[in-house]
Amino acid sequence: MEIGWRHVLAGVAALFILFLLVKMRPARRRRDTLSAEVQAARERARRAATPRERAEALCDAGAHALRGSRRVTAAVGFFVRAMRADPTSARTIELTTGALAKRRPRLLEKILWRRLAVLPWDGDHREAARAAAIGLRDLYRREIRDRNRAEIMRKLADSFG
């Protein structure tokens with residue numbers, strides 16, 4: 001039996017279709033589900049009556065996400081949502097700084113700079129801005145090690161009183 005060019009072309013087309021099917025199949029990567037503590041904290045955040053309670057619950061969810069499954073991206077999302085929920089809270093910034101300083105110092109630096117950029121530096125937001133400046137100061141002293149920036153952040157934190 002002679003193999004003609006039509007048979008070769010049909011074989012190549014079949015291999016190409018098989019290749020496309022393998023390459024284009026949907027990814028079946030399953031994400032780890034959030035732990036029970038994280039889900040409970042998220043539920044507390046949904047039911048919170050005040051912005052302060054919501055921010056505290058979101059900070060708890062972020063801390064549990066880091067401890068339990070080590071999902072840094074999810075934890076960062078919880079901490080950023082906590083800072084947005086209660087922009088006047090210095091405590092949320094301190095919790096975020098404590099949780100992320102050793103693990104992701106550059107990401108924390110970016111988060112704190114953005115927080116300083118959006119916060120008014122007077123009135124009720126003064127303590128939150130001071131906490132962000134102190135967090136950056138400590139970050140530049142220890143993890144990132146930049147004396148000049150640490151000194152600038154020290155002076156900024158001192159100017160807040």
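Let's begin at alanine 157, which sits in helix 8 (residues 147–159); helices here are DSSP runs of H or I with at least four residues, numbered from the N terminus. This is a predicted model, so local features need pLDDT of at least 70 and side-chain atom pairs count only at pLDDT 80 or more, while totals for chains, interfaces and linings use all residues. Residues are numbered from 1 along each chain as its sequence is written, and side-chain values use heavy atoms, with hydrogens and water left out.

Is alanine 157 buried or exposed? It counts as buried because its relative accessibility is 1%; buried means under 20% relative accessible area, exposed over 50%, and partly exposed in between (1.4 Å probe, protein chains only). Leaving aside residues up to four places away in sequence, alanine 157 touches Arg130, Ala133 and Ile134, where contact means heavy atoms within 4.5 Å.

Now hop over to helix 2, residues 36–47. Its 12 residues reach 17 Å from first C-alpha to last, close to the expected 16 Å, a span worked out as 1.5 Å times one less than the number of residues. Val38, Ala41 and Ala45 are buried here. They share a side of helix 2 because they cover an arc of only 65 degrees around the axis, taken from the directions from the helix axis to the C-beta atoms. Helix 3 (51–67) and helix 4 (72–85) are among what covers the buried residues of helix 2. On its other side, Ala36, Arg46 and Arg47 are exposed.

Last stop: phenylalanine 19, in helix 1 (residues 5–24). With 45% relative accessibility, phenylalanine 19 counts as partly exposed.

Methods. Helix = DSSP H or I, 4+ residues; strand = E, 2+ residues; numbered from the N terminus.
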